[in-house]
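Subject: Structure handover

Hello,

Here is the structure I said I would pass on. My notes on it follow below.

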Amino acid sequence: MMEEICAHIMDIAANAVTAGATHVAIAISKDRKNNLLSIAFKDDGRGMNEEMVKKVIDPFFSTKKGKKVGLGIPLLKGTAETCGGKFSLTSKSGEGVDISVSFQLDHPDLPPLGNLKETILVLIMGNQEVDFSFFYSVDGQTFSLHTREIRELIGAVPINHPEIVKFLTEFLDEKLQFI
């Protein structure tokens, strides 16, 4: 089990980037009324064939050269199941990957969410060639951020320019505090 949910988010997003994704969507929903934390990932990377979809939940399978284990997805699945939630992964070769995972919010083994702002910033700054869409919802109040829209606004200015990073940091601080 990873120490924070944001570590799982970072791992799954990194897998998508490694698989050639040019767009990664991450939706996080906290629903206190239904006692549910849900996360959905969708990417447009290489995807997986049916055989690989079955193998990817095995911790002793990895597509990475030199590695005999691949713990990210098995750990995420294990955390969801330990915390009374569900896990699903669908994919087809050439069509990206969809992962949905849920957890019971009040389960004593649910790891803390972690620093969502820093996770989003690291993903954006560390993968400037990838468009990210983030959706965060708490009890129906929603916040979203789309790097494609930001790029359209800033034109030729790199998204990791210090002024853009400062803007994104302040924007995320403002938006995430209200939900």
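This is a predicted model: local features need pLDDT of at least 70, side-chain atom pairs count only at pLDDT 80 or more; totals for chains, interfaces and linings use all residues.

Residues are numbered from 1 along each chain as its sequence is written, and side-chain values use heavy atoms, with hydrogens and water left out.

Asn127 sits in the loop between helix H4 (116-126) and strand E5 (131-138). Helices (H or I, at least four residues) and strands (E, at least two) are DSSP runs, numbered from the N terminus. Asn127 counts as buried because its relative accessibility is 14%; buried means under 20% relative accessible area, exposed over 50%, and partly exposed in between (1.4 Å probe, protein chains only). Not counting residues up to four places away in sequence, Asn127 touches Val17, Val122, Phe132 and Arg151, where contact means heavy atoms within 4.5 Å.

Now the sheet. Six strands form an open sheet in the order E3-E4-E2-E1-E5-E6, with mixed pairing. Strand E3 (87-91) and strand E6 (141-146) are at the edges with a single partner strand each, so one side of each has no neighbour in the sheet. Two strands pair if DSSP finds at least two bridges between them. Strands E2 (residues 36-43) and E4 (residues 97-104) run antiparallel and are joined by seven bridges. Within E4, Ile99 is the residue opposite Phe41.

Helix H5 (residues 147-154) packs on the sheet, where it touches strand E1 (23-31), E5 and E6, and its direction makes about 55° with that of E6. Helix H6 (residues 162-177) also packs on the sheet, touching E5 and E6, at about 165° to the direction of E6. Axes are lines fitted to C-alpha atoms, for helices over the stretch in contact, and angles run from 0 to 180 degrees between N-to-C directions.

The largest nonpolar core has 48 residues, of which Ile26, Ile39, Phe41, Leu89, Ile99, Phe103 and Phe132 touch the most other members. Helix H1 (residues 5-18) gives the largest share of this core, seven residues. Such a core is a set of buried Ala, Val, Leu, Ile, Met, Phe, Trp, Tyr and Cys residues joined through side-chain atoms within 4.5 Å. Leaving aside neighbours within four places in sequence, the contacts of Ile99 include Ile12, Ile73 and Leu76.

What about charged pairs? The structure holds nine salt bridges, each a side-chain nitrogen of Lys or Arg within 4 Å of a carboxyl oxygen of Asp or Glu. Asp131 forms one with Arg151, the closest N and O atoms being 2.5 Å apart. That pair links distant parts of the chain, with Asp131 in strand E5 and Arg151 in helix H5, 20 residues apart. Asp131 also forms a salt bridge with Arg148, at 3.1 Å between the closest N and O atoms. Asp131 is buried at 12% relative accessibility, whereas Arg151 is partly exposed at 23% and Arg148 is partly exposed at 46%.

Regards
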